[in-house]
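Have the viewer open as you read.

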Amino acid sequence: MTLAHETVAPPDGVVPPRFRPPAGSGDAAVLSLDGEWRFRLFPEAETGVDPADPGAGWDRLAVPGHWQLAGAPHAWPYGTPAYTNVVFPFPVDAPHVPHENPTGEYRTTLRLPADWPAGGRTLLRFEGVDSWFQVAVDGEVLATSHGSRLPTEVDVTAHLRPGEEHLLAVRVTQWSAFSYVEDQDQWWLSGIFRSVSLEHRPEGGLDDVRVHAAYDHTTGTGTLRVDAAAVGGAAGAVAARVAVPELGLDGAAGEELTAAVEPWSAERPRLYDVVVSTATETVTLAVGFRTVSVEDGVFLVNGRPVTLRGVNRHEFDPLRGRSLTPERMLEDVLLMKRHHVNAVRTSHYPPHPHFLDLCDRYGLYVVDENDLETHGFEVDGWVGNPTDDPAWTDVLVDRVTRMVRRDAHHPSVVLWSLGNEAGRGRNVAAMAQAVRDLDPTRPIHYEGDWSSEHVDVYSRMYAPTEEVALIGQGVEPPFERADADGRRRTLPFVLCEYAHAMGNGPGGLSDYDALFDRYPRLMGGFVWEWIDHGLTRTDDDGVEYAAYGGDFGEALHDGTFIADGLLLPDRTPSPGLTELAAVYAPVRIDPRDDGSLLVRNRYAFRDSGHAELRWTLHRGTEELAAGTLDLVLEPGTEAVVRPPADLPLPEPGTEPVWWTVRAVLTEPDALDEPWAAPGLELGAGQLLVVDRAPLAAPSGRVTTTDDGGFRAGPALLGPRGELRTLAGRAVHTFRVDAWRAATDNDRKPARWQEQADAETWYRAGLTLLGERVEAAEAGDDGALRVTSRVSGPAVRTGFDVRTRWQPVGDGADAVDLVVDARPVGPAPRSVARLGLLLALEEPRAADARVRWAGLGPEESYADSARAALGGAWEHPVADWQTRYTHPQENGARRGVTRAELTFADGSGLRIEAGQVEVAGRPRQGFELSLRPWSDRALDQAGHPHELVPDGRLWLHLDAAQHGVGSAACGPGVLPDAWLHAAPFRLRVRLTAV
Ligand code: IPT
């Protein structure tokens, strides 16, 4: 039996696709149908409910919305969300889906208002319904449709009589044949999740408007042609007027109009109101003049090479799933702009159309992606993949057509993408041809077929930097087919996904960005991904947390892989986004080895006049001098700057002195940027100009205690040299450490590695390190020397450690601690850290405050350190933590030269850095981490709210830590951030205050 929702065919009974003007831009009547509808959920698609059944007494459900989230965050009355990445959560048996198929019956009343215009037609419009649906009015089935993130319109003119009530019945199935082509990496969520409306189409009105607005950068001329057409019953050209009052242009639809214009770009999103009118309808569109082209293998906007510094954006809200309010869309756009993102790939489907209106207005280059992903077929070698099946050609061409028709008037859209992870096959060619026929002005993107035969840009995901460098130079390894290889080498290259931002990371962003700057063939890339899809739910005690795969009891799921964004689910920027902003900075300021700073204007079109270069000379937070640099750079140019010659440099003191330069958006210019506030940083960099004074050599003597132990300033040690109390606090743990709570990246092997780092550390015993003290001896020089072996069970791997304690002066409350550690036994491929772990008994550890001088203010790691600048900051320990959706190593502050802890009782401990060395190479300061719980607890927690303070303050003083990389879905830690087991030395001065 062929079931309607398993029939592979384009939608039936629908109006041909057409453009979608921004809400409020036209004068045709519109009636929103959003609100409470009647609803019932059934276990199968054959609900047995007559579409004429008005649903009296049924539940109420908000439209738009997903039925699984109707009671979020507390209740789940209509089933629960489920997450799989690649795999289908049902047997691969296309086009069939299980009979267990949650199906929603929706009912609402249609009544045209009294002033609804007479004549013309009335269309019932759905912006998005997941996944298959059937529409009936007064019991008569009029249409069936699918394409969850695409619009559907049904002509209901003949079915509605003014002033009368009609019954609209919509049946929506969760699963359908089309689930096989909507296998995106996200929650499975169903229902009418975007708005529904009635739209009046006046006779002789503007059903479809096609805007062609090009810019000739050689002449500064904009060329506008607007085609107006009717669709459906009366298809054909419509005689319309086109006016651009601001340009004094007035002409007919179909006519080419030219004028000198300011072009549209993401940097300056200049829009002109274009008024299109017929006798019966007027639409005012915000039109941008711009031309996208590929010349000599380089991607150009308005004749200039543009680097896409992008992100992949899924539509996500922690309570509403993919049903986004306009406020949320705006929040995303503003956050992107404020973090110097200039491009967005709408992974992996056309977004709500309002999002594109915002991209036009605020300035973001968009890769608009078709609603197509068939990734689950890859599991079985792509057997049966719809992308290569002629039975699916019409369906896939219909989808891409609906996208292009809906969105082609947006200047922000610079590339069309045919879909994501849908393999290869004949339908790629069919879709590409359809897109070219509809819109020859934009290049076509599709990553899934590496031959790049049918596309205009060569696209890859997660290619490592070595390979990207080869591609940049055009010397990449050849593609298997010589013909395709030859053509592919002529194309610009884009990373449609890179730098997987899962958990703590991504590491290595700067390495990619440097390549984008270096090679014109590289047109940039899109970080995976914008936001963690953690859905808010409450636990048994009513505590809210962000749920990921498995948290709804799914039998099959992909766990934390859904939490891989630059924003936490509640849109708090993670340190990864701060790092991204520093790497993507349009005015890059980087130190050079000769004690100068290189300032680069990385805008393609703007000079840097809106960015005032403000410098300060500061020690920690203390400003010693300040000024501005008189420098305006033309687009794409650079200059070297140095501290003024007459700068009053102070003598070395307890903290280093920095010369910091920030490119800051000035007040008047901020008025031109609706997304920015004055003071927004467009780039920053600094130089260390006066190092801190070295610590004086200690001169005190260790004394012995009654029990045969030792006193060394604020430290009390036992007879074997074990640290018992420090600054009056009992010591729970004190030893060398080489492990960390695994990050998501640590848990996965990078493709070229044999083993995940976390596995390496486990096998090397680093997760269970302990210490055996060998000897403690007070020497003639007044110092106590302790020798010990630190190692884990089952292995010979470990460290031989020599520790030296010496009071700074006699009777002083300060002690110098020097730790020299040398790896012994078989060396693991990597270690997580090389340093000291100290746990102090402190019941109110989370309330302790810490002021530190070093790189900050946020966490940084060896390969994600561009955002961290030298200075001084203060936090309670509670705020020192980054609440990654899946708990893991976080919070390390690097380059720390001085830290002052103040406990809740007012007492404190000061830690100052002395000599720090790894493998004989000196480092500036140590890396500091502080937590009110142990690394083990952090490693084992599933969600942040499961972490509870354990009555201790856990400190790490590290000589170095391993980078974070991007191995969860890409390259691992690069060699320059890789930490090997190596001899290290750490000297610190501890003072009770
Ligand atoms: C890639 C997908 O395109 C994307 O949707 C997401 O799943 C990402 O991986 C991982 O988070 S595909 C992968 C096989 C590289």
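Is the crossing of α3 and α4 left-handed or right-handed? It's right-handed. One thing to keep in mind from here on: this is a predicted model.

## The α3/α4 pair

Let's stay with those two helices. Helix α3 covers residues 393-407 and helix α4 covers residues 426-438; their axes come within 9 Å and cross at roughly 30 degrees. Angles under 35 degrees count as roughly parallel, so α3 and α4 are roughly parallel to each other.

If you want to see who touches whom, pick out T393, L396, V397, V400, T401, V404 and R405 on the α3 side. Across from them, α4 puts in N427, A430, M431, A434, V435 and L438. Sort the residues of this contact by class and you get 9 nonpolar, 3 polar and 1 charged.

## The α1/α2 pair

Next up are helix α1 (residues 326-338) and helix α2 (residues 353-362), whose axes come within 10 Å and cross at roughly 35 degrees. This crossing is right-handed. From α1, the contact takes in P326, M329, L330, D332, V333, L334, M336 and K337, while α2 brings H354, F355, L358 and Y362. By class, that's 9 nonpolar residues, 1 polar and 2 charged.

H340 sits in the loop between α1 and β27 (343-345). Its phi is positive, at about 65 degrees, even though H340 is not a glycine.

## The α7/α8 pair

Further along, helix α7 (residues 509-518) packs on helix α8 (residues 575-584), with the axes 10 Å apart and an angle of about 25 degrees. With the cut-off for roughly parallel at under 35 degrees, α7 and α8 therefore run roughly parallel to each other. Here α7 passes α8 in a right-handed crossing.

In terms of class, the contact has 4 nonpolar, 1 polar and 2 charged residues.

## Two cis peptide bonds

Where do cis bonds turn up? One joins W528 and E529, with omega at about -5 degrees. E529 belongs to the loop between β33 (522-527) and β34 (535-538).

Another cis peptide bond runs from G856 to P857, and its omega is near 5 degrees. For P857, look in the loop between β53 (849-856) and β54 (869-876).

Now zoom out. The domain assignment gives domain 1 (4-201), domain 2 (208-291), domain 3 (294-581), domain 4 (586-690) and domain 5 (716-992).

Take domain 1 and domain 3, whose centres, taken over C-alpha atoms, are 27 Å apart. How many residues of domain 1 are in contact with domain 3? There are 55, and they touch 56 residues of domain 3. The size of an interface is often given as the accessible area lost when the parts come together. For domain 1 and domain 3, about 4,700 Å² is buried between them, and 62% of that is on carbon and sulfur atoms. Y83, V181 and W187 are the ones to highlight: they supply 16% of the area that domain 1 buries against domain 3, more than any other three residues.

Note on methods
Residues are numbered from 1 along each chain as its sequence is written. This is a predicted model: local features need pLDDT of at least 70, side-chain atom pairs count only at pLDDT 80 or more; totals for chains, interfaces and linings use all residues. Side-chain values use heavy atoms; hydrogens and water are left out. Axes are lines fitted to C-alpha atoms, for helices over the stretch in contact, and angles run from 0 to 180 degrees between N-to-C directions. Helices (H or I, at least four residues) and strands (E, at least two) are DSSP runs, numbered from the N terminus. Angles under 35 degrees count as roughly parallel, over 145 as roughly antiparallel, 65 to 115 as roughly perpendicular and the rest as oblique. A crossing is left-handed if the near helix is turned anticlockwise from the far one by less than a right angle, and right-handed if clockwise. Contact means heavy atoms within 4.5 Å. Ala, Val, Leu, Ile, Met, Phe, Trp, Tyr, Cys and Pro count as nonpolar, Asp, Glu, Lys and Arg as charged, and the others, Gly among them, as polar. Domain bounds come from an automatic or database domain assignment. Buried area is the accessible area (1.4 Å probe) that two parts lose on being put together, summed over both.
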